[in-house]
Amino acid sequence: MKPRMPEEFYRIKRLPPYVFAEVNALKAQARGEGRDVIDLGMGNPDGPTPPHIVAKLIEAVQNPKTHGYSSSRGIPGLRRAYAAYYARRFNVELDPEREIIVTLGSKEGFANLAQAITAPGDTILVPNPCYPIHSFGFIMAGASVRHVPVGPDVDFLAELKKAVQHSIPAPLAVVLNFPANPTAQSVDLDFYGEVVDFCRHQGIYVLSDLAYAEIYFDGKPPPSILEVPGARDIAVEFTSLSKTYSMAGWRIGFAVGNARLIGALGRVKSYLDYGAFTPIQVAATAALNGPQDCITEIRERYKARRDVLLDGLHQAGWDVPVPAGTMFAWAPIPEEFRGLGSLAFSKLLLERANVAVAPGGGFGEYGEGFVRIALVENRQRLRQASRNIKAFLSGRNDTAELRRAAARTAAAAAN
Ligand SMILES: Cc1ncc(COP(=O)(O)O)c(C=O)c1O
């Protein structure tokens, strides 16, 4: 008899089916029926990359010297440009040799740092709800993830302290992400000060995702954890050009901070990749060293969208908190529909209002009761979305009809 091939694999078993797939399937079906679905589900930045950055890419690609393998850690000029960005934006001086590495987007950097530092069974503290790689990067690496609730009415620091106290073995690292995806929550420097103090004392590394460093609307720009004196003894920070310069498809991000962690990430990456295509790194350097008014324009575009969407939702009677940053609104499901759960409510919004959103439960158990609405369509479309939602919500007393609609959406998803 032939030996049986293994059909299940360690890492794949640790990855559940993609929670957003159900809403995506319904969205595709609705579009197939010719319905005009307004897609506020995924966080894919939709604006063009500024033309001077594109021009630099074209110029660089015409030089055959750029066509070979690049540098896994990132070309020196790009690392120097990033040190200059941290100095002017956060007043933080970084050593481009030891404290900065270029990644293929911040997501890749985060996932490979998880691989680099984790042994099976290590405990990692991760906010919940969270951007999926924050937990699954570590779950794939074999870690035990302990979820720390985060959200509008949660004292995250108190929850973090409680989680540390009850974690056995003691946690290796804690993940932070502010301004947050999906909750859009922000924090100030005092918060980071407390985290650094606490984690230094406990001997826990801090991995901070600051992907939305430049997408803020009111008041002060989000701080970097590295502004806290001594933070680099325990912390690394992930940032990205994806949102800042509308360069999501280019795949350029950075990890900066603690030299031991940056070294570990560099070591793993040296086995895995040869770095981003050199012309992309050259254009990224031009983005950082060139005129910066494009960042303001991109920020203003998201802000204008936020204002239109939140105004519209409030007029529709939906009391959604106004996000101070990121490209998301984190919307509590209206009371009348809360019992449905976030997936069924998202399906209902799609069926009844032609608006696709991301069910909060897809970001973790503490995301239940919410949906995430992304600012990824233009203002006219966002106005239309809130008009559709208003029409849907104003008919909400018709509970029998709503139940029938919910049953139809559930049946359609099952087919
Ligand atoms: C919090 C957060 N981190 C990281 C990323 C991924 O960024 P990048 O394109 O740099 O991989 C996203 C993208 O949506 C995000 O929301």
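**Figure 1. Packing of helix 11 against helix 13.** In this predicted model, helix 11 and helix 13 (residues 379-394) pack with their axes 8 Å apart and at an angle of about 15 degrees. Because angles under 35 degrees count as roughly parallel, helix 11 and helix 13 are described as roughly parallel to each other. The crossing of this pair, helix 11 with helix 13, is right-handed. On the side of helix 11 the contact is made by A304, R305, V308, L309, G312, L313 and Q315, and these meet R379, L382, R383, S386, I389 and K390 of helix 13. Sorted by class, the residues of the contact of helix 11 with helix 13 comprise six nonpolar, three polar and four charged.

**Figure 2. Packing of helix 4 against helix 10.** Helix 4 (residues 76-90) and helix 10 (residues 278-289) have axes that come within 9 Å and cross at roughly 25 degrees, which means that helix 4 is roughly parallel to helix 10. In this case the crossing, in which helix 4 passes helix 10, is left-handed. Helix 4 contributes G77, L78, A81, Y82 and Y85 to the contact, while helix 10 contributes Q281, A284, T285, L288 and N289. The contact of helix 4 with helix 10 contains six nonpolar and four polar residues, and no charged residues.

**Figure 3. The contact between domain 1 and domain 2.** The domain assignment of the protein gives domain 1 as 10-39 + 294-414 and domain 2 as 51-289, and the C-alpha centres of domain 1 and domain 2 lie 28 Å apart. Across the boundary, 27 residues of domain 1 are in contact with 29 residues of domain 2. On the side of domain 1 that touches domain 2, the elements that give two or more residues are helix 11 (293-315) and strand 9 (328-332), and helix 11 gives the most, with seven residues. By class, this side of domain 1 has 15 nonpolar, five polar and seven charged residues. Helix 11, shown here at the contact with domain 2, is also the helix that packs with helix 13.

**Figure 4. The shell around the ligand.** Of the 13 residues around the ligand, those that come nearest are G105, S106, K107, S240 and S242. Helix 5 (residues 105-117) supplies the largest share of the shell around the ligand, namely three residues. Divided by class, the shell around the ligand has eight polar residues, three nonpolar residues and two charged residues.

Conventions. Residues numbered from 1 in each chain as written. Predicted model: local features only at pLDDT ≥ 70, side-chain atom pairs only at ≥ 80, totals over all residues. Axes fitted to C-alpha atoms, helices over the stretch in contact; angles between N-to-C directions. Helix = DSSP H or I, 4+ residues; strand = E, 2+ residues; numbered from the N terminus. Parallel < 35°, antiparallel > 145°, perpendicular 65-115°, else oblique. Left-handed = near helix turned anticlockwise from the far one by under 90°. Contact = placed C-beta atoms within 7 Å. Nonpolar A, V, L, I, M, F, W, Y, C, P; charged D, E, K, R; others polar. Near = placed C-beta within 6 Å. Domains from an automatic or database assignment.
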